[in-house]
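This report walks through one protein model. It starts with confidence, then turns to rings, charges and sulfur atoms.

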Amino acid sequence: MGRWRTGTAGLALGVWAALAAGCDGGKTHPPQPDVEDPNGPPEAPLPNGPLPGDTRWTVHTAVAGRQDVVAMAPDGSGGVLVLGTSESASAPATSKDPGGTSLTLARHDGNGQQLWSRSFTAEGEASDVDAPLLAVSTSGDVFLAGRVTGQLRLAESVLTDSAFVAKLAPDGSPLWARAVEPVKALLPDRDGALLVAHGLEVERFDARGTRHWAREMPAMASASLVALDAEGGLVMAGQKPTSPFESQGFIARLSPDGEVRWEQQVGPHAPGFTDVAFRPDGSFLFTGELTGPLTWGKDSLRAPCAQGSCYRTVFVLAADAYGEPLWAQVPDSEEESDAEGARLAMDPEGGAAVLWRHGCGSGLARLSPAGEVRWQSYYVTSPCRANTWLRAATFLPEGDVVGAGMFSGTRAFGSRTLTADGTDVFLQRLVP
């Protein structure tokens, strides 16, 4: 295991210690929210210089009400896009849980400064909009996928009580939106077109949102996790029943025509898969949680157990382009963290950042291409209160890790102390 670090990228030890539009028109917020100055006061320099896992800066966007992060992606210009939700401080208590939410999209530069922010709000009783999938093309076009309850106007389209995909310009202006079945994966191309995996189909929209073709992929029905490859094929993971009371995990790859290229069993205990990432050499990383033993190639993983019960713990599996095992790792050093919601971010060399949440907060670990844990940071409140969560992470072109999450109250982030206005979003840039 790599070196364990706290109080630098995460919270200090004392706190331990991812549109013409809806109601607000998809326009840049007037006035702009208060943003902490990323240049002052700076993070306290360490005597030996920054080390892997140390914080370069932490910034905080203060907005009244409840703010959260659902996804994050590099913007292609050295900054990041942060997709989230916003709930007004005066949202009616009778609205649907989490009722009265708007969709928010913000762009930040490499220093964490917010460049612009857009908000998209559904209309109607118990209205709600959420978009957990975010993708950015090489030309800077932004693609979202989510679901709306009520009515949501995006460009010339009006979406009513449906799942949707949408394309936005690099400045966040809505270009088009389409109602679809619940979306499992997005893949934009350099020409502004979009591949979408939803329902039992893979569908292609051109740059203007015109549907060109759709192919049935019935195998998606058994997969809890789906990703699209550059050819329009699928990489999938999930569980298959082996008896009335038992199941086993699997990963598989399908061609663009839906033919199974390969399939691997994962077990003996069926893990829960939550994310997959493509590595530059054509291999894959899979993550999720396990509560029982798992054998992957030469590696054997186990969840921590106490008094007859086992805790969920994070795993990461590496597979080559043909699904053959490369390595397996448990990046969580907290023996009783009961982890869930693990997500991956890839660096250009094939390493990764993996983050997860647990009852008292979140964890973040940096993995080398060979699966070695280089460092870990924990965003934890003591005594245990789940009010600080790291939600998403990505890599900047220079190799630094940027994480985004939410917090409430007054919290110490390294050498900085921030106070939320309700529940607010924070960003951190970390030495890789």
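## Confidence

In this predicted model, local features need pLDDT of at least 70 and side-chain atom pairs count only at pLDDT 80 or more, while totals for chains, interfaces and linings use all residues. Residues are numbered from 1 along each chain as its sequence is written, and side-chain values use heavy atoms, with hydrogens and water left out.

pLDDT is the predictor's confidence in each residue, from 0 to 100. Over residues 92-98 it stays under 50. The model has four contacts beyond four places in sequence for that stretch; a contact means heavy atoms within 4.5 Å. Residues 1-36 also stay under 50 in pLDDT. For residues 1-36 the model has 134 contacts beyond four places in sequence.

The protein as a whole averages a pLDDT of 86. At least 70 is the score of 86% of the residues. Among the elements, helix α1 (residues 13-16) has the lowest mean pLDDT, 26. Strand β27 (residues 325-329) has the highest, 98. Helices (H or I, at least four residues) and strands (E, at least two) are DSSP runs, numbered from the N terminus.

## Aromatic pairs

A pair of aromatic rings is described by the distance of the centres and the angle of the planes. Rings of Phe, Tyr and Trp (its six-membered ring) pair if their centres lie within 6.5 Å; planes under 30 degrees apart count as stacked, over 60 as edge-to-face and the rest as tilted. The whole structure holds eleven aromatic pairs.

One of them joins tryptophan 176 and phenylalanine 205. This pair is tilted, at 5.8 Å centre to centre and 35 degrees between the planes. Tryptophan 176 lies in strand β11 (residues 174-180) and phenylalanine 205 in strand β14 (residues 201-205), so the pair ties together parts 29 residues apart in sequence. Both residues are buried (under 20% relative accessible area; exposed is over 50%, partly exposed in between; 1.4 Å probe, protein chains only).

Phenylalanine 273 and phenylalanine 286 pair edge-to-face, with 6.1 Å between centres and 75 degrees between planes. Both are buried. Ring pairs also link Trp262, Phe273, Phe278, Phe284, Phe286 and Phe315 into a cluster.

## A charge over a ring

Arginine 215 lies over the face of tryptophan 213, at 4.0 Å from the ring centre. The rule asks for NZ of Lys or CZ of Arg within 6 Å of the ring centre and within 35 degrees of the ring normal.

## The disulfide

How many disulfides are there? The count is one, taking a pair of cysteine sulfur atoms within 2.5 Å as a disulfide. Cysteine 305 and cysteine 310 form it, with sulfur atoms 1.9 Å apart. Their link is right-handed, with 90 degrees about the S-S bond.
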